[in-house]
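Here is a report on how one chain meets two others. Keep the view open as you read.

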Amino acid sequence: MNDTAVTAARPAKPVPAGGYLAPLAVLLLIFPYIAPAYQTIILSYGLAFAIAAAALNLLLGYTGLLSFGHAAFFGAGAYAAGFVAKYLHVESMELFLAAGALSGIVIAALFGIVCVRYTRIFFSILALALSQVLWSLAFKLFWVTGGTDGLRVPTPTLLGGVIGTPADKVTFLSHQYYYYTLGVFAICVGLMWLIVQSPFGQALQAIRDNEVRAEFVGIRVRRYRWIAFVLSGMFAAVAGTLWAPLNGLATPEALYWPFSGEIVFMAVLGGFRTFSGPIIGAVVFNYLKAYAVGRTEYWQLLLGVVLVILVMAMPEGIMGTLARIGRRVRGEA
Amino acid sequence: MATLVVQALNTAVYTAVLFLIAGGLSLVYGVMRVVNLAHGNLYMLGAFVMAWAAGGAAASVAPPLLLLLLPVAGVIVGLVGAAIEPTLLRPLYNRAEEYQLLLTFGLLLILEDLTKFVFGPTPLSASTLWSAFGPISVLGSDYPAYNLLVIFVGLVSAVLLWAFVYRTKFGVMLRATSQNRKMAVSLGINVRGLYVLAFSIGCLMAGIAGAVIVPVQGAVLGMGVDALVLSFVVVVIGGLGSLEGALAGAFIVAVVRTLAITFFPELELAVLYLMAAAVLVTRPAGLFSRSSS
Amino acid sequence: MAQLLAAQGLRKSFGDNRAVDGVDFFVEQERLVAIVGSNGAGKTTLVNLITGLLTPDEGTIVFAGRDVTALPVFGRIKAGIARSFQLVNLFDLMTVLANVRLAVFTRENKTHQALRLADRDREAEDEARRVLADFGLADKWNVPAGGLAQGERKLLDVALAYALRPRLILLDEPTSGVGTREKSQIMDRIESVVRSRGLSAVIVEHDMDIVFKYSDSIVMMHEGRVLAAGAPGEIVRDERVATILGRTAAR
């Protein structure tokens, strides 16, 4: 059995994103005006998941750790919004986000202490098992969490009411809330991009590529893994908080381990060796799932087959494959 | 006193089922270093096959004969495993182990819907089989006789498995391969065939677990996903790759669960997962593992 | 000359195997010490003990007057001990420049910076380029480390350790896997860099010609113990050494 870490292969030269960014940004900005409301709402979901997938990739693509427990953070972020609304009687989105980010940090800090002592499969399984602790609590402590009914997340006020909230929820979600989500998405992705390009990011990649050498270059491997874990958990929780008002409800499903699998699926679909891969993957996966659920009751079968094909034939994902095609077209190796 | 007997027996039942599922998972890992996230869904498949067969044939066949369906269900699931390993798992052995997790997760999704497709979206029951055995008096308390059968199946399986791994020629080759694959190949052992066999046995165990417990609790979509995490807890505690560990781990988990249900029902599951984490932190190799299977 | 490194009574066993069995090992300031011995003599284990990859079962290690026996790897690096590896250990996917620059980042305590662009750090890049120039790798700066020839990889491995500005550098077979002529080139490079900065170095080496040409003193290990230690001239005259060398040569 090969011991090489999942990311220690030839690096994919990133598809030059610069050229695509501007038109993409324009498209995202005018989207509510060129597409029907329900499409915009679907895209909002996609953007929230994109933050979660990018967060996962901080660990996977850049630090070499595959977490099968990220639902814990996403769900925590969602429930944080619900708790803040229910127990503090607050409806400010900023407070929701702050609570979400804080929950992500605290939970990831705790889980991380345990998880980063391990690598490879043990790490993945441990993350899974710990995330189930949260799920089981949400499931069983129904008088606090609403159990399987979930916890209601009311329509939040954005920027303290500066952005007005129209009475019609659909309009709200497809306009004001969409732009808010876009803004949070841009900030989160921007921060994560800075992180991976920074000296800290270089250290993480070194840990991914050669743990022993990283140690002997003076990097405190375990500590940095933990920090990456906490950052990853924080951003994933923010994603969950963003998702909650869209869903209207924080439910145990958001904490259930197969959902962690979906987040991994998104990252792998888009290509976990690039920065933009998981983001693209999340949006595509979201559309894929929405399409599949709408067409057939056997949507899990469809998704499962896609994943199997992905792993067997296209492990570098969408962006990786595009990069490969690009190289061939340009006549490089 | 009565409840103590009942609780103890329930614990034994739970141990038996957990051992079968987790033991299969552990065996596969021990021999092949594969973690199969779809393992729980093979347990579910066994449950559905049994429930469908026993439920369908219940009216016309005497209950004791229906028990013959147990190994049949197990074998069917084993055959599914024999189909999966060479086609989907073998290509991944030369790649990073994380890809197995991804692929078997895809398999999980596929099996979930295939089960729904073949057996329908509603839960299936084989409770008539369960009630047909009636209660039996154990140390003064009435206890379902079928449950005792489950304990019996668990015991027999443990013994058979132990004999197979430690007393047969196959078992020797199995253990040799798990310790040192390259050496095994150079000794002329047909490692490929061995892998198919090991994986099939692991699936068979999961299938039997599902089949034997289904008269007690029914077959429901999603039961596999639940069961998987529990079996992870068992193998983490007992040590991945060790059959004795799977048995010990199953017992510990069963005991803790029974205690938790009695005293802190809300924390039942949380306690188990926390226990797994605690074991991983203190004794990462598991409480009972050795370096080989 | 003050002692930079004083390791005493070191013992390390792996099960029944007494890899290092009561070793006293000293390195003076600005000296190049060679450790020689047949395979399995315990040379690499000794290096691992000094650099912190392993903790000794018994014994102490004092570096620059400070007891570092219990110090973890990063602590020893901060104290001034760095190493290269027998089997070349690099960040193969990163460019040569990025490899060295990383060591510069850690030395300058910049690795916690998460919101600055690494590529914009002129200072670190210039320092990394200087190190590359010292090792003759300047023109390969943009090549992924995995794409270098073996001799260049060996040099880069040493450069990574050197970029940490250690006071003691331990090199585990820095010329292995390389042709004879290249061996001298590599050792010339290493020696000039080490001497010019006043570093002390410990070199594990099999090639006795190299050992005699470059080292100030030689420590010969055999079956986990130090058999003989001293200047090259003395060692050559030592009978036990000659026997071992003869045996090694005959193999």
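Chain A and chain C bury about 2600 Å² between them, and 69% of that area lies on carbon and sulfur atoms. Pro199(A), Arg213(A) and Phe216(A) supply 31% of the area that chain A buries against chain C, more than any other three residues. The model is predicted.

Arg213(A) also forms a salt bridge with Asp157(C). Their closest N and O atoms are 2.2 Å apart. Between chain A and chain C the count is one salt bridge.

Which elements of chain A give two or more residues to the side that touches chain C? They are α8 (176–197), α9 (199–209) and α10 (211–216). The largest share, seven residues, comes from α9(A). By type, this side of chain A divides into 17 nonpolar, six polar and six charged residues.

Now turn to chain B. Glu98(B) forms a salt bridge with Arg120(A), with the closest N and O atoms 2.9 Å apart. On the side of chain A that touches chain B, α5 (120–140), α12 (257–270) and α14 (299–313) each give two or more residues. Here α5(A) makes the largest share, with 15 residues. This side divides into 35 nonpolar, eight polar and six charged residues.

The table sets out both interfaces.

| Interface | Residues in contact | Buried area | Salt bridges | Polar contacts |
|---|---|---|---|---|
| Chain A and chain C | 29 residues of chain A, 33 residues of chain C | about 2600 Å² | one salt bridge | 13 residue pairs |
| Chain A and chain B | 49 residues of chain A, 50 residues of chain B | about 4600 Å² | three salt bridges | 10 residue pairs |

Between chain A and chain B, 75% of the buried area is on carbon and sulfur atoms.

Terms used:
Residues are numbered from 1 along each chain as its sequence is written. Chains are lettered from A and ligands numbered from 1 in the order in which they are written. This is a predicted model: local features need pLDDT of at least 70, side-chain atom pairs count only at pLDDT 80 or more; totals for chains, interfaces and linings use all residues. Side-chain values use heavy atoms; hydrogens and water are left out. Contact means heavy atoms within 4.5 Å. Buried area is the accessible area (1.4 Å probe) that two parts lose on being put together, summed over both. A salt bridge is a side-chain nitrogen of Lys or Arg within 4 Å of a carboxyl oxygen of Asp or Glu. A polar contact is a pair of N or O atoms within 3.5 Å; within protein, one must be able to donate a hydrogen and the other to accept it, and residues adjacent in sequence count only if both atoms are side-chain atoms. Helices (H or I, at least four residues) and strands (E, at least two) are DSSP runs, numbered from the N terminus. Ala, Val, Leu, Ile, Met, Phe, Trp, Tyr, Cys and Pro count as nonpolar, Asp, Glu, Lys and Arg as charged, and the others, Gly among them, as polar.
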